[in-house]
Amino acid sequence: MRSMSKLILLYRNPDLPPFFLYTGRGPSSDALHLGHTLPFIFNKYLQESFKVPFVIQITDDEKFFYKNEQCDLPDLTKLAYENIKDIIAMGLDPEYTFIFIDSEYMGELYPNVVRFQKHINMSTLKAIFGLQFSDSCGKAAYPAIQAAPCLSSSFPFIFGSNNIPCLIPCGIDQDPYFRMTRDVCPKIKAPKPAGFYSKFFPSLQGFGTKMSASDPNTGIFLTDTPEEIEKKIKKYAFSGGKATKEEQKAEGADLDIDISYQYLRFFMEDDKELAEIAEKYSTGKMLTGEIKAILIKELQKFVKEHQDRRSKLTNDDVKKFLARTPKKFKWDEWFI
Ligand code: TRP
(Lines give C-alpha, C1' and ligand atoms only; values in the text may rest on other atoms or scores of the structure.)
Protein backbone atom coordinates (compact mmCIF):
# COMPACT_ATOMS: atom_id res chain seq x y z
CA MET A 1 0.00 0.00 0.00
CA ARG A 2 2.67 2.50 0.95
CA SER A 3 4.39 2.30 -2.41
CA MET A 4 1.13 3.44 -4.02
CA SER A 5 1.76 7.00 -2.85
CA LYS A 6 4.36 7.48 -5.57
CA LEU A 7 1.84 6.53 -8.21
CA ILE A 8 -0.62 9.02 -6.79
CA LEU A 9 1.95 11.81 -7.02
CA LEU A 10 2.61 10.94 -10.64
CA TYR A 11 -1.05 11.13 -11.50
CA ARG A 12 -1.60 14.46 -9.78
CA ASN A 13 -0.50 16.14 -12.92
CA PRO A 14 -2.73 18.96 -14.10
CA ASP A 15 -2.43 17.82 -17.71
CA LEU A 16 -4.25 14.59 -16.91
CA PRO A 17 -8.05 14.58 -16.79
CA PRO A 18 -10.05 14.20 -13.57
CA PHE A 19 -12.02 11.00 -13.04
CA PHE A 20 -14.53 9.37 -10.71
CA LEU A 21 -14.50 6.00 -8.98
CA TYR A 22 -17.18 3.34 -9.47
CA THR A 23 -17.63 -0.06 -7.90
CA GLY A 24 -20.53 -2.22 -6.77
CA ARG A 25 -21.89 -5.08 -4.78
CA GLY A 26 -24.58 -7.67 -5.28
CA PRO A 27 -26.44 -8.10 -1.98
CA SER A 28 -26.41 -11.88 -1.82
CA SER A 29 -25.90 -12.65 1.86
CA ASP A 30 -25.98 -10.62 5.03
CA ALA A 31 -22.45 -11.46 6.18
CA LEU A 32 -19.58 -10.04 4.14
CA HIS A 33 -16.30 -11.91 4.12
CA LEU A 34 -12.80 -10.46 3.96
CA GLY A 35 -12.65 -10.75 0.16
CA HIS A 36 -15.65 -8.44 -0.15
CA THR A 37 -13.84 -5.69 1.73
CA LEU A 38 -10.86 -5.41 -0.63
CA PRO A 39 -12.34 -3.26 -3.42
CA PHE A 40 -13.83 -0.92 -0.85
CA ILE A 41 -10.57 -0.51 1.06
CA PHE A 42 -8.79 0.23 -2.18
CA ASN A 43 -11.45 2.66 -3.40
CA LYS A 44 -11.35 4.44 -0.05
CA TYR A 45 -7.60 4.81 -0.39
CA LEU A 46 -7.92 6.27 -3.89
CA GLN A 47 -10.78 8.50 -2.84
CA GLU A 48 -8.78 9.95 0.04
CA SER A 49 -5.72 10.45 -2.15
CA PHE A 50 -7.43 12.06 -5.13
CA LYS A 51 -10.51 13.61 -3.51
CA VAL A 52 -12.75 12.40 -6.32
CA PRO A 53 -16.41 11.31 -6.22
CA PHE A 54 -17.06 7.60 -5.67
CA VAL A 55 -20.31 5.91 -6.78
CA ILE A 56 -21.39 2.48 -5.53
CA GLN A 57 -24.03 0.37 -7.23
CA ILE A 58 -26.01 -2.11 -5.12
CA THR A 59 -27.56 -4.64 -7.48
CA ASP A 60 -30.65 -6.05 -5.80
CA ASP A 61 -32.07 -6.60 -9.32
CA GLU A 62 -29.05 -8.69 -10.42
CA LYS A 63 -29.29 -10.95 -7.39
CA PHE A 64 -33.05 -11.25 -7.89
CA PHE A 65 -32.44 -12.61 -11.42
CA TYR A 66 -29.62 -14.94 -10.38
CA LYS A 67 -30.85 -16.32 -7.05
CA ASN A 68 -32.60 -19.67 -7.34
CA GLU A 69 -34.25 -19.72 -3.93
CA GLN A 70 -37.68 -18.31 -3.50
CA CYS A 71 -37.25 -14.71 -2.47
CA ASP A 72 -38.99 -11.55 -3.55
CA LEU A 73 -37.28 -8.34 -4.60
CA PRO A 74 -37.99 -6.52 -1.28
CA ASP A 75 -36.01 -9.23 0.59
CA LEU A 76 -32.97 -8.33 -1.47
CA THR A 77 -33.56 -4.61 -1.11
CA LYS A 78 -33.57 -5.16 2.67
CA LEU A 79 -30.30 -7.07 2.43
CA ALA A 80 -28.94 -4.18 0.38
CA TYR A 81 -29.43 -1.83 3.34
CA GLU A 82 -27.53 -4.20 5.65
CA ASN A 83 -24.70 -4.43 3.11
CA ILE A 84 -24.59 -0.65 2.79
CA LYS A 85 -23.91 -0.39 6.53
CA ASP A 86 -20.92 -2.70 6.11
CA ILE A 87 -19.68 -0.66 3.17
CA ILE A 88 -20.03 2.65 5.01
CA ALA A 89 -18.32 1.16 8.07
CA MET A 90 -15.15 0.81 6.01
CA GLY A 91 -14.79 4.52 6.59
CA LEU A 92 -16.14 6.19 3.45
CA ASP A 93 -16.78 9.90 3.35
CA PRO A 94 -20.41 10.85 2.52
CA GLU A 95 -19.20 14.16 1.09
CA TYR A 96 -17.55 12.25 -1.74
CA THR A 97 -19.57 9.01 -1.90
CA PHE A 98 -22.94 8.23 -3.49
CA ILE A 99 -24.52 4.79 -2.98
CA PHE A 100 -27.55 3.71 -5.01
CA ILE A 101 -29.77 0.63 -5.02
CA ASP A 102 -30.79 -0.35 -8.55
CA SER A 103 -34.49 -0.89 -7.84
CA GLU A 104 -34.66 2.63 -6.37
CA TYR A 105 -32.37 4.54 -8.74
CA MET A 106 -33.42 2.98 -12.05
CA GLY A 107 -35.38 6.03 -13.17
CA GLU A 108 -32.19 8.12 -13.21
CA LEU A 109 -30.07 5.35 -14.66
CA TYR A 110 -32.51 4.30 -17.35
CA PRO A 111 -31.53 6.69 -20.20
CA ASN A 112 -27.96 5.33 -20.14
CA VAL A 113 -29.16 1.74 -19.63
CA VAL A 114 -31.13 1.89 -22.87
CA ARG A 115 -28.18 3.49 -24.72
CA PHE A 116 -26.10 0.45 -23.81
CA GLN A 117 -28.91 -2.04 -24.39
CA LYS A 118 -29.33 -0.82 -27.96
CA HIS A 119 -25.78 -1.95 -28.77
CA ILE A 120 -25.66 -5.30 -26.93
CA ASN A 121 -27.03 -8.18 -28.91
CA MET A 122 -27.94 -11.72 -27.91
CA SER A 123 -24.84 -13.27 -29.51
CA THR A 124 -22.63 -11.03 -27.36
CA LEU A 125 -24.55 -12.01 -24.22
CA LYS A 126 -24.14 -15.67 -25.10
CA ALA A 127 -20.42 -15.32 -25.84
CA ILE A 128 -19.56 -13.25 -22.76
CA PHE A 129 -21.97 -14.47 -20.09
CA GLY A 130 -23.01 -17.86 -21.49
CA LEU A 131 -26.66 -16.84 -21.61
CA GLN A 132 -29.09 -19.25 -23.28
CA PHE A 133 -32.57 -18.88 -24.71
CA SER A 134 -33.88 -20.58 -21.58
CA ASP A 135 -32.48 -17.81 -19.34
CA SER A 136 -34.77 -15.07 -18.07
CA CYS A 137 -34.80 -11.86 -20.08
CA GLY A 138 -33.86 -10.07 -16.82
CA LYS A 139 -30.41 -11.67 -17.04
CA ALA A 140 -30.09 -10.41 -20.59
CA ALA A 141 -31.12 -6.88 -19.59
CA TYR A 142 -28.76 -6.72 -16.62
CA PRO A 143 -25.26 -6.19 -18.14
CA ALA A 144 -26.31 -2.80 -19.51
CA ILE A 145 -27.43 -1.88 -16.00
CA GLN A 146 -23.94 -2.54 -14.66
CA ALA A 147 -22.45 -0.57 -17.57
CA ALA A 148 -24.59 2.57 -17.16
CA PRO A 149 -22.91 3.92 -13.98
CA CYS A 150 -19.62 4.14 -15.96
CA LEU A 151 -21.01 7.31 -17.53
CA SER A 152 -20.89 10.47 -15.44
CA SER A 153 -24.19 11.57 -17.04
CA SER A 154 -25.89 8.91 -14.89
CA PHE A 155 -25.24 11.22 -11.92
CA PRO A 156 -26.18 14.76 -13.05
CA PHE A 157 -26.39 16.08 -9.47
CA ILE A 158 -22.69 15.26 -9.05
CA PHE A 159 -21.21 16.01 -12.46
CA GLY A 160 -23.64 18.41 -14.08
CA SER A 161 -23.06 18.34 -17.82
CA ASN A 162 -19.35 17.48 -17.51
CA ASN A 163 -18.25 14.30 -19.20
CA ILE A 164 -15.89 12.75 -16.64
CA PRO A 165 -14.16 9.41 -17.28
CA CYS A 166 -14.52 6.59 -14.80
CA LEU A 167 -12.09 4.25 -13.00
CA ILE A 168 -13.43 0.95 -11.69
CA PRO A 169 -11.39 -0.69 -8.94
CA CYS A 170 -13.07 -4.08 -8.41
CA GLY A 171 -12.57 -7.85 -8.32
CA ILE A 172 -11.19 -9.47 -11.46
CA ASP A 173 -14.41 -11.48 -11.91
CA GLN A 174 -16.23 -8.31 -13.07
CA ASP A 175 -13.99 -7.85 -16.10
CA PRO A 176 -16.47 -9.34 -18.64
CA TYR A 177 -18.99 -6.59 -17.88
CA PHE A 178 -16.49 -3.84 -18.46
CA ARG A 179 -14.96 -5.34 -21.60
CA MET A 180 -18.45 -5.31 -22.99
CA THR A 181 -18.87 -1.71 -21.76
CA ARG A 182 -15.66 -0.58 -23.43
CA ASP A 183 -16.78 -2.12 -26.72
CA VAL A 184 -20.00 -0.14 -26.67
CA CYS A 185 -18.66 3.23 -25.42
CA PRO A 186 -17.31 4.53 -28.76
CA LYS A 187 -20.66 3.70 -30.37
CA ILE A 188 -22.48 5.98 -27.94
CA LYS A 189 -19.70 8.60 -27.91
CA ALA A 190 -18.85 8.01 -24.26
CA PRO A 191 -15.36 7.74 -22.72
CA LYS A 192 -14.27 4.15 -22.07
CA PRO A 193 -13.99 3.23 -18.38
CA ALA A 194 -10.66 2.04 -17.01
CA GLY A 195 -10.46 -0.99 -14.73
CA PHE A 196 -8.20 -1.70 -11.78
CA TYR A 197 -8.70 -5.33 -10.82
CA SER A 198 -7.85 -7.08 -7.58
CA LYS A 199 -6.70 -10.67 -7.52
CA PHE A 200 -8.90 -13.51 -6.40
CA PHE A 201 -8.96 -13.69 -2.60
CA PRO A 202 -8.52 -17.34 -1.57
CA SER A 203 -10.61 -19.31 0.92
CA LEU A 204 -9.00 -20.63 4.11
CA GLN A 205 -8.67 -24.03 2.44
CA GLY A 206 -6.51 -22.69 -0.40
CA PHE A 207 -6.55 -21.18 -3.87
CA GLY A 208 -8.55 -23.94 -5.54
CA THR A 209 -11.69 -23.36 -3.44
CA LYS A 210 -14.12 -20.47 -3.01
CA MET A 211 -15.25 -18.67 0.09
CA SER A 212 -18.93 -19.16 0.69
CA ALA A 213 -21.36 -17.58 3.14
CA SER A 214 -23.17 -20.93 3.43
CA ASP A 215 -20.04 -22.59 4.88
CA PRO A 216 -18.63 -20.28 7.57
CA ASN A 217 -15.43 -22.33 7.82
CA THR A 218 -14.31 -21.33 4.33
CA GLY A 219 -13.49 -17.74 5.27
CA ILE A 220 -13.34 -14.98 7.87
CA PHE A 221 -16.54 -12.95 8.05
CA LEU A 222 -17.02 -9.42 9.31
CA THR A 223 -19.42 -10.84 11.91
CA ASP A 224 -16.88 -13.29 13.39
CA THR A 225 -15.87 -13.08 17.05
CA PRO A 226 -12.17 -12.98 18.04
CA GLU A 227 -12.49 -16.63 19.19
CA GLU A 228 -13.98 -17.72 15.87
CA ILE A 229 -11.18 -16.00 13.98
CA GLU A 230 -8.55 -17.72 16.11
CA LYS A 231 -10.19 -21.13 15.76
CA LYS A 232 -10.67 -20.85 12.00
CA ILE A 233 -7.11 -19.72 11.28
CA LYS A 234 -5.60 -22.36 13.53
CA LYS A 235 -7.76 -25.17 12.24
CA TYR A 236 -8.40 -24.36 8.58
CA ALA A 237 -5.83 -21.91 7.16
CA PHE A 238 -3.95 -24.04 4.65
CA SER A 239 -0.25 -24.17 5.47
CA GLY A 240 2.63 -24.03 3.03
CA GLY A 241 4.95 -25.02 5.89
CA LYS A 242 6.58 -28.40 6.12
CA ALA A 243 5.13 -31.40 7.94
CA THR A 244 7.57 -31.38 10.88
CA LYS A 245 9.41 -28.68 12.77
CA GLU A 246 12.75 -30.09 11.63
CA GLU A 247 11.78 -30.12 7.96
CA GLN A 248 10.38 -26.59 8.20
CA LYS A 249 13.61 -25.36 9.80
CA ALA A 250 15.67 -27.01 7.07
CA GLU A 251 13.56 -26.19 3.99
CA GLY A 252 11.18 -23.31 4.86
CA ALA A 253 7.58 -22.73 3.74
CA ASP A 254 6.07 -22.37 0.27
CA LEU A 255 4.62 -18.86 0.47
CA ASP A 256 2.62 -19.15 -2.74
CA ILE A 257 0.25 -21.70 -1.25
CA ASP A 258 0.40 -20.59 2.38
CA ILE A 259 -2.92 -18.96 3.24
CA SER A 260 -1.69 -17.15 6.35
CA TYR A 261 1.03 -15.43 4.33
CA GLN A 262 -1.35 -14.73 1.44
CA TYR A 263 -3.88 -13.13 3.81
CA LEU A 264 -1.14 -11.01 5.40
CA ARG A 265 -0.20 -9.77 1.94
CA PHE A 266 -3.64 -8.19 1.78
CA PHE A 267 -4.08 -7.10 5.38
CA MET A 268 -0.67 -6.20 6.77
CA GLU A 269 -0.27 -2.45 6.40
CA ASP A 270 3.51 -2.36 6.84
CA ASP A 271 5.27 -3.67 3.70
CA LYS A 272 8.61 -3.87 5.48
CA GLU A 273 7.29 -6.08 8.26
CA LEU A 274 5.63 -8.28 5.65
CA ALA A 275 8.92 -8.67 3.77
CA GLU A 276 10.63 -9.71 6.98
CA ILE A 277 7.99 -12.33 7.69
CA ALA A 278 8.32 -13.65 4.13
CA GLU A 279 12.06 -13.94 4.50
CA LYS A 280 11.92 -15.71 7.87
CA TYR A 281 9.06 -18.05 7.05
CA SER A 282 10.32 -19.10 3.63
CA THR A 283 13.77 -19.91 5.00
CA GLY A 284 12.56 -21.84 8.04
CA LYS A 285 13.37 -19.23 10.68
CA MET A 286 9.62 -18.97 11.38
CA LEU A 287 7.11 -21.77 11.95
CA THR A 288 3.50 -22.03 10.76
CA GLY A 289 2.19 -21.52 14.31
CA GLU A 290 4.05 -18.22 14.54
CA ILE A 291 2.80 -16.75 11.26
CA LYS A 292 -0.72 -17.88 12.17
CA ALA A 293 -0.43 -16.03 15.49
CA ILE A 294 0.52 -12.84 13.63
CA LEU A 295 -2.37 -13.22 11.21
CA ILE A 296 -4.86 -13.91 14.00
CA LYS A 297 -3.87 -10.68 15.74
CA GLU A 298 -4.10 -8.62 12.54
CA LEU A 299 -7.51 -9.99 11.59
CA GLN A 300 -8.97 -9.76 15.09
CA LYS A 301 -8.02 -6.09 15.12
CA PHE A 302 -9.35 -5.44 11.61
CA VAL A 303 -12.70 -7.17 12.25
CA LYS A 304 -13.17 -5.67 15.72
CA GLU A 305 -12.54 -2.13 14.43
CA HIS A 306 -15.01 -2.75 11.63
CA GLN A 307 -17.65 -4.05 14.06
CA ASP A 308 -17.16 -1.03 16.33
CA ARG A 309 -17.62 1.40 13.45
CA ARG A 310 -20.64 -0.52 12.12
CA SER A 311 -22.41 -0.68 15.47
CA LYS A 312 -22.38 3.11 15.68
CA LEU A 313 -24.10 3.60 12.31
CA THR A 314 -27.71 4.76 12.23
CA ASN A 315 -30.27 4.89 9.43
CA ASP A 316 -29.56 8.61 9.17
CA ASP A 317 -25.94 7.81 8.32
CA VAL A 318 -27.14 5.49 5.55
CA LYS A 319 -29.43 8.23 4.23
CA LYS A 320 -26.49 10.62 3.84
CA PHE A 321 -24.93 8.25 1.32
CA LEU A 322 -28.17 7.60 -0.57
CA ALA A 323 -29.08 11.29 -0.88
CA ARG A 324 -28.96 12.63 -4.43
CA THR A 325 -27.04 15.72 -3.44
CA PRO A 326 -23.91 17.30 -4.96
CA LYS A 327 -20.66 15.72 -3.88
CA LYS A 328 -17.35 17.45 -3.26
CA PHE A 329 -14.92 17.42 -6.11
CA LYS A 330 -11.76 19.49 -6.22
CA TRP A 331 -12.18 20.71 -9.77
CA ASP A 332 -9.88 23.68 -9.36
CA GLU A 333 -6.99 21.52 -8.23
CA TRP A 334 -7.23 19.37 -11.32
CA PHE A 335 -6.97 22.23 -13.72
CA ILE A 336 -4.47 24.58 -12.03
N1 TRP B 1 -21.95 -7.68 -10.31
C2 TRP B 1 -21.40 -7.33 -9.04
C3 TRP B 1 -21.62 -8.46 -8.01
O4 TRP B 1 -22.19 -9.45 -8.28
C5 TRP B 1 -21.98 -6.04 -8.50
C6 TRP B 1 -21.51 -4.82 -9.25
C7 TRP B 1 -22.32 -3.89 -9.88
C8 TRP B 1 -20.17 -4.36 -9.43
N9 TRP B 1 -21.58 -2.93 -10.44
C10 TRP B 1 -20.27 -3.16 -10.18
C11 TRP B 1 -18.95 -4.84 -8.99
C12 TRP B 1 -19.10 -2.45 -10.51
C13 TRP B 1 -17.79 -4.13 -9.35
C14 TRP B 1 -17.87 -2.94 -10.10
O15 TRP B 1 -21.20 -8.37 -6.89
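## What lines the largest cavity

The residues lining the largest cavity divide into three nonpolar, three polar and two charged. Here Ala, Val, Leu, Ile, Met, Phe, Trp, Tyr, Cys and Pro count as nonpolar, Asp, Glu, Lys and Arg as charged, and the others, Gly among them, as polar. The lining is made up of D224, T225, P226, I229, Q300, V303, K304 and Q307. A cavity is a set of points on a 1 Å grid over the protein atoms alone where a 1.4 Å probe fits but cannot get out, and lining residues have an atom within 4 Å of a point. This is a predicted model, in which local features need pLDDT of at least 70, side-chain atom pairs count only at pLDDT 80 or more, and totals for chains, interfaces and linings use all residues. Residues are numbered from 1 along each chain as its sequence is written, and side-chain values use heavy atoms, with hydrogens and water left out.

How much space lies in the largest cavity? About 30 Å³, where grid points are joined across faces, edges and corners and a volume is the space filled by probe spheres set on the points. The count comes to one cavity of 30 Å³ or more. Two helices, α10 (226-236) and α14 (288-311), each supply at least two residues of the lining, and α14 gives the most, with four. Helices (H or I, at least four residues) and strands (E, at least two) are DSSP runs, numbered from the N terminus.

T225, one of the cavity-lining residues, sits in the loop between β5 and α10. With a relative accessible area of 33%, T225 is partly exposed; buried means under 20% relative accessible area, exposed over 50%, and partly exposed in between (1.4 Å probe, protein chains only). Its C-alpha atom is separated by 8.3 Å from that of V303, 78 residues apart along the chain.

H306 belongs to helix α14 and is buried, at 2% relative accessibility. Leaving aside neighbours within four places in sequence, H306 is in contact (heavy atoms within 4.5 Å) with D86, A89, M90 and L222. H306 and D86 are 220 residues apart in sequence, yet 8.1 Å apart in space, C-alpha to C-alpha.

## The largest pocket

Now for the open space. The largest pocket holds about 1,300 Å³; a pocket is an open set of grid points with protein on both sides within 12 Å along at least five of seven lines. It is lined by 41 residues, and R25, H36, K63, D173 and Q174 lie nearest its centre. The elements giving two or more residues to this lining are β1 (20-25), α2, α3 (60-66), α7 (137-147), β4 (166-171) and α9 (175-184).

Which helix gives the most to the lining of the largest pocket? That is α2, with five residues. By type, the pocket lining divides into 17 nonpolar, 16 polar and eight charged residues.

In soluble globular proteins, nonpolar side chains tend to be buried together. The largest nonpolar core in this model has 62 residues, and I99, F116 and F155 have the most contacts inside it. Helix α2 (residues 34-50) gives the most to this core, with five residues. A nonpolar core is a set of buried Ala, Val, Leu, Ile, Met, Phe, Trp, Tyr and Cys residues joined through side-chain atoms within 4.5 Å.

Leaving aside neighbours within four places in sequence, F116 is in contact with A144, A147, A148, L151, T181, V184, C185 and I188.

Helix α15 (residues 315-322) has D317, V318, F321 and L322 as its buried residues. Seen down the helix axis, these fall within an arc of 140°, so they line one face of α15; the arc is that of the directions from the helix axis to the C-beta atoms. An α-helix has 3.6 residues a turn, so residues three or four places apart point the same way.

On the other side of α15, D316 and K319 are exposed. The cover over its buried residues includes α4 (73-88) and β3 (97-101).

## Two lysines with positive phi

K51 has a phi near 55°, a positive value in a residue other than glycine. It lies in the loop between α2 and β2 (54-58) and is partly exposed, with a relative accessible area of 28%.

K189 also is not a glycine, and its phi is positive at about 55°. This lysine is in the loop between α9 and β5 (194-198) and counts as exposed, at 74% relative accessibility.
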